[in-house]
Amino acid sequence: MKPILQLYRGYANEEELIVMGHVFKRTYDYDFQKKNLKNARSVVNQFRIKTIENFDVYLKCGKQEIHTKTLDDGYFKFCIPLEKESPFGWIEYEVSIKYGGKTIVSKGSYIRPHKGNLGIISDIDDTFLVSHTQNIFKKMYILLFKNVNDRKVFKDVVPHYQALSSAGRHNKEEENAFFYVSSSEWNLYRFIIEFTKIHNLPRAVILLKDIRRGITDFFMSGRGNHDHKFDKIKHVLEFYPNLKYVLLGDDSQHDPVLYERICKIFPVTVIAVYIRQTGKSKKKEVKKIMKNLESLDVSVCYFKESSEAITHSRSIGIIK
């Protein structure tokens, strides 16, 4: 069976390029238009994939072809020095694998942000995508039986994110560095890409949890340890150390605690933290964290409606 090459959006700074992907032995098509049971089957199938370990992968970079091999879960990642004269913006890259005497080529894109001052990092579930994470049965029902066109985005979240993406920019072609970091697994990458396109959310680098390879894993999707989110956010702040960051999350899981840890480690880097209230009332422990962040000179907004977040962003001069 011919292997399948899946690429993800990569990113670059002044000196380094990072691109990544998976090599699969078997995947299933994700038909985003399917309804009810057909959609459920399609979603569950994303967790029935088979990966190939230690498989040869080649990255075309300028006139070079750089070789690596996949890890145990079929994941590969190229972290390579970047030539100084590389362009800015979204740039195409090309990865290939060889099978049966033929070369299989796939093209992805990576961002090298134009020089600017702002970086944005957002959670996904219950931050901009309505997911009902706190109610596991409702979350599973929606994931299984609502196709991508039926899934909802919170009111006013799109204009807020679009304004953050273009904040401080005078050229429409230029965008701020934007990352979606989630406890969802790479299995749901194509769904997330499709959803963000449908709702005109900013084009972003997406950083997810290690892939899962079994139907039983599906029922644990998005759960368990959230330290990977902390590690990925910390990595982004270290990768682009000269940017000022806006962090967006919600109070349904661990975002406030994770963001507090980040702010303590990067005391001059994070300028604002936004936490969406997902329940009927604000949580006492979250209010305590937000107050502590204010004592670190971080501007905070614990909000129910995105219109409040927009007003706050204007009041502190992040957006116009």
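Ile111 touches Gly10, Tyr11, Ala12, Gly89, Trp90, Glu175, Val205 and Tyr240, leaving aside residues up to four places away in sequence. The model is predicted. Is Ile111 buried or exposed? Its relative accessible area is 6%. Buried means under 20%, so a residue at that value counts as buried. Ile111 is therefore buried.

One of the contacts of Ile111 is Tyr11. Along the chain the two residues are 100 residues apart.

Tyr11 leads on to the aromatic rings. The count comes to 17 aromatic pairs. Tyr11 and Phe239 form an edge-to-face pair. Their ring centres are 5.2 Å apart, and their planes make an angle of 80 degrees. Tyr11 sits in strand β1 (residues 4-12) and Phe239 in helix α6, so this pair ties together parts that are 228 residues apart in sequence. Both Tyr11 and Phe239 are buried.

Phe76 and Phe78 also form an edge-to-face aromatic pair. Here the centre-to-centre value is 5.9 Å, with 75 degrees between the planes. Phe76 is buried, and Phe78 is buried as well. Elsewhere, ring pairs join Phe128, Tyr161, Phe178, Tyr180, Phe191 and Phe195 into a cluster.

Arg112 places its charged end over the ring of Phe88, 4.3 Å from the ring centre. The charged end of Arg276 sits over the ring of Phe154, at 4.0 Å from the centre.

Now return to helix α6, where Phe239 lies. How do two packed helices get described? Helix α6 (residues 227-239) packs with helix α7 (residues 255-265) at about 35 degrees, and the axes are 10 Å apart. The crossing of α6 past α7 is right-handed.

Which residues make the contact? From α6 come Asp227, Lys229, Phe230, Ile233, Lys234 and Leu237. From α7 come Asp255, Leu258, Tyr259, Arg261, Ile262 and Ile265. Seven residues of this contact are nonpolar, five are charged and none is polar.

Terms used: Residues numbered from 1 in each chain as written. Predicted model: local features only at pLDDT ≥ 70, side-chain atom pairs only at ≥ 80, totals over all residues. Heavy atoms only, no water. Buried < 20%, exposed > 50% of the residue type's maximum accessible area, 1.4 Å probe, protein only. Contact = heavy atoms within 4.5 Å. Axes fitted to C-alpha atoms, helices over the stretch in contact; angles between N-to-C directions. Helix = DSSP H or I, 4+ residues; strand = E, 2+ residues; numbered from the N terminus. Left-handed = near helix turned anticlockwise from the far one by under 90°. Nonpolar A, V, L, I, M, F, W, Y, C, P; charged D, E, K, R; others polar. Phe/Tyr/Trp six-rings, centres within 6.5 Å; stacked < 30°, edge-to-face > 60°. Lys NZ or Arg CZ within 6 Å of the ring centre and 35° of its normal.
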